Amino acid sequence: MQSPAMVVSEWQAAWNAGDAEKLSQLFAEDADFVNVVGLWWHDRDSIREEHHFGFTKIFPGSVIEMGEPRVRELGPDAAVVQSKWSLAGQVSPEGEQAGARDGIFTFVVERRQAGWITVTAHNTDIVPGTQTHVNREGERSTVHYREKRSVSDSSPSQQ
């Protein structure tokens, strides 16, 4: 990649093509990837294999739309790139269409001789109207601790 921000458009192109090989080429051989449920993959091969499974069983034909990248340079050879995303086309284990999802991707990229490459990434779902998770007797639920305010009298961080 010629710039850190390109990871966002390249991710979108690889995802929308359902191309796990192309997607994996965005990552260094020893890259780390944490998905939306905390599964942690420790190399390019695992990233490719898990996304191939996802494109086959969970997200066949899905479409992701990546938002404008936010780039924070950490020096001349490293950057953090973040982008909101929206995804449509996931299927349930029974093969039924699932609802659309939104999230935020964080990529840490490093400049190498051949260009920029991802060394670690973390994908997070956005769960509207919640602040955290609570585990009780083997079940997880999302919760909101603050009193909910109307949109007109609160900042985005308080919703």
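pLDDT is the predictor's confidence in each residue, from 0 to 100. This is a predicted model, in which local features need pLDDT of at least 70, side-chain atom pairs count only at pLDDT 80 or more, and totals for chains, interfaces and linings use all residues. Residues are numbered from 1 along each chain as its sequence is written, and side-chain values use heavy atoms, with hydrogens and water left out.

**Confidence**
- The protein chain averages a pLDDT of 92, and 92% of the residues score at least 70.
- Residues 153-159 have a pLDDT below 50. Where pLDDT is low, the predicted coordinates should not be read in detail.

**The nonpolar core**
- A nonpolar core is a set of buried Ala, Val, Leu, Ile, Met, Phe, Trp, Tyr and Cys residues joined through side-chain atoms within 4.5 Å. Buried means under 20% relative accessible area, exposed over 50%, and partly exposed in between (1.4 Å probe, protein chains only).
- The largest such core has 29 residues. Trp11, Phe27 and Phe107 have the most contacts inside it.
- Helix H1 (6-16) gives the most to this core, with 5 residues. Helices (H or I, at least four residues) and strands (E, at least two) are DSSP runs, numbered from the N terminus.

**Helix H1**
- Val7, Val8, Trp11, Ala14 and Trp15 are buried in H1. They sit on the same side of H1, because they cover an arc of only 135° around the axis. The arc is that of the directions from the helix axis to the C-beta atoms.
- Just after H1, Gly18 has a positive phi of about 60°.

**Aromatic pairs**
- Rings of Phe, Tyr and Trp (its six-membered ring) pair if their centres lie within 6.5 Å; planes under 30 degrees apart count as stacked, over 60 as edge-to-face and the rest as tilted.
- The whole structure holds 11 aromatic pairs. Trp11 and Phe33 are stacked, because their ring centres are 6.0 Å apart and their planes are at 15°.
- Trp11 lies in helix H1 and Phe33 in strand E1, so this pair ties together parts that are 22 residues apart in sequence.
- Trp11 is buried, at 1% relative accessible area. Phe33 is buried too, at 1%.
- Phe105 and Phe107 also form a stacked pair, with 4.4 Å centre to centre and 10° between the planes.

**Arg101**
- Arg101 is found in strand E6.
- The side chains of Arg101 and Gln90 are joined by a polar contact of 2.7 Å. A polar contact is a pair of N or O atoms within 3.5 Å; within protein, one must be able to donate a hydrogen and the other to accept it, and residues adjacent in sequence count only if both atoms are side-chain atoms.

Methods. Contact means heavy atoms within 4.5 Å.
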